[in-house]
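Have a go at each task before reading its solution.

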Amino acid sequence: MPTWSTSPSGDAVFSVCCSVRLPQLFCTCVAFSLAADMGILRGAIGNWAMPFWCVCFAMTFIISTVELCRLDSEFPFFWYNISVTYACYAALICLSASIIYPITYVQFLPYGPYRDRAIAATAFSCIASVQYVTEVARMRDWYDLEDIFFYEHTTRALLKVLETFVAGVIFAFLSNTSLYLHQPALEWCVAVYSICFILAAVVLLLDLAEWEYMPPRPFSIFQLVLSLLSVLLYISAVVLWPLYQFSEELGGQPQRPSDGDCRDELTHDLCAWDQRLAVAVLTAINLLVYVADLGYWARQVSVGTEDQPRDS
């Protein structure tokens with residue numbers, strides 16, 4: 001019987017919605033509302049964090065509605081792999097907002113009600129991330145699906161989630177096109193981020209659609225080739241991006257300025273130099289993730305022991 005025809009009981013779904021989904025909805029809604037109430041003091045980071053909390057709230061609401069209305073069996077794939085995958089991304093999103101928001105914004109607010117609201121938004125974001133992590137860790141037990149293969153509970157799935165998430169954060173910083181336009185080397189780096197993101201997203205979607213039931217060895221070789229290509233591309237980006245952004249000889253800016261949007265006080269725009277540095281650090285982090293992915297698939301090809309679904 002296909003895994004997508006397997007569905008937990010209505011009591012289990014209702015219990016999960018009450019124990020984690022309602023707190024997730026409450027926390028993301030409160031965080032969004034508190035940030036929105038900041039008005040003109042919200043700043044660029046507030047405008048950046050609000051859509052993330054809003055998307056988490058909306059997606060959690062949609063997933064809860066699908067499960068409570070028992071519509072999950074209508075999808076031609078195992079719905080709960082999608083649900084767990086979303087929870088992984090939501091946990092990373094809320095965790096990132098909980099770190100970036102206070103470091104780059106809250107600490108520069110003057111003491112008063114606006115600062116208290118921003119701190120409260122950060123706290124609710126942290127609680128939401130814990131709730132999403134709990135959902136990922138306990139999904140199989142709560143829904144009594146111990147004998148069903150959960151793609152997101154495998155090493156290769158978590159690596160793909162990390163690769164695509166880090167790339168997404170890089171794209172958020174690259175929304176400032178002045179960082180790379182009219183510089184071929186930096187435009188190449190943006191192309192690298194885009195190509196590798198698309199490749200990782202396609203593989204993730206194929207796996208979520210239960211493409212893992214294809215013969216394991218050709219699939220492992222396919223993944224190994226893609227991982228090797230991504231590593232080579234990211235190596236070029238991890239060299240070129242900091243070289244052209246921070247080398248004075250190549251037109252870069254080695255030192256952080258202390259004027260304009262880079263002042264150590266509340267500003268309405270992100271410091272461009274900080275964005276350059278963030279992209280450089282995230283590029284290095286994603287390279288390490290891709291190297292781990294390459295090592296994983298090299299081992300699978302050499303020993304032929306790929307994670308396989310267990311028979312129900």
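Does F171 count as buried, partly exposed or exposed, and at what relative accessibility?

Two notes before the solution. The model is predicted, so local features need pLDDT of at least 70 and side-chain atom pairs count only at pLDDT 80 or more, while totals for chains, interfaces and linings use all residues. Residues are numbered from 1 along each chain as its sequence is written, and side-chain values use heavy atoms, with hydrogens and water left out.

*Solution.* Start with the cut-offs: buried means under 20% relative accessible area, exposed over 50%, and partly exposed in between (1.4 Å probe, protein chains only). F171 has 29% relative accessibility, so this residue counts as partly exposed.

**Exercise 1.** Find the geometry of the ring pair F171 and F197.

*Solution.* 
- Rings of Phe, Tyr and Trp (its six-membered ring) pair if their centres lie within 6.5 Å; planes under 30 degrees apart are stacked, over 60 edge-to-face, and the rest tilted.
- The structure holds 11 aromatic pairs. In the pair F171 and F197, the centres are 5.6 Å apart and the planes meet at 85 degrees, so this is an edge-to-face pair.
- Because F171 belongs to helix α5 and F197 to helix α6, the pair ties together parts 26 residues apart in sequence. Helices here are DSSP runs (H or I, at least four residues), numbered from the N terminus.
- F197 is also partly exposed, at 29% relative accessibility.
- For Y296 and W297, the ring centres are 5.0 Å apart and the planes are at 85 degrees, so that pair is edge-to-face too. Both Y296 and W297 are buried.
- One aromatic cluster is formed by Y193, Y234, W241 and Y290.

**Exercise 2.** Which ring does the charged end of R115 sit over?

*Solution.* The criterion is NZ of Lys or CZ of Arg within 6 Å of the ring centre and within 35 degrees of the ring normal. The charged end of R115 sits over the ring of Y111, 4.4 Å from its centre. R117 lies over the face of Y114, 5.2 Å from the ring centre.

**Exercise 3.** How many disulfides does the structure hold?

*Solution.* A disulfide is a covalent bond between the sulfur atoms of two cysteines. It is counted here when two cysteine sulfur atoms are within 2.5 Å. The structure holds zero disulfides. Take C126: the closest cysteine sulfur, in C94, is 9.3 Å from its own sulfur, too far for a bond. C126 is partly exposed at 34% relative accessible area, whereas C88 is buried at 8%.

**Exercise 4.** Describe the largest cavity and its lining.

*Solution.* 
- On a 1 Å grid over the protein atoms alone, a cavity is a set of points where a 1.4 Å probe fits but cannot get out; lining residues have an atom within 4 Å of a point. Grid points are joined across faces, edges and corners, and a volume is the space filled by probe spheres set on the points.
- There is one cavity of 30 Å³ or more, and the largest cavity has a volume of about 60 Å³.
- Its lining includes K160, E163, C196, Y290 and D293.
- At least two lining residues come from each of α5, α6, α7 (216-246) and α8 (272-303).

How values were computed:
1 Å grid on protein atoms, 1.4 Å probe; cavity = no way out; pocket = protein on both sides within 12 Å on 5 of 7 lines; lining within 4 Å.
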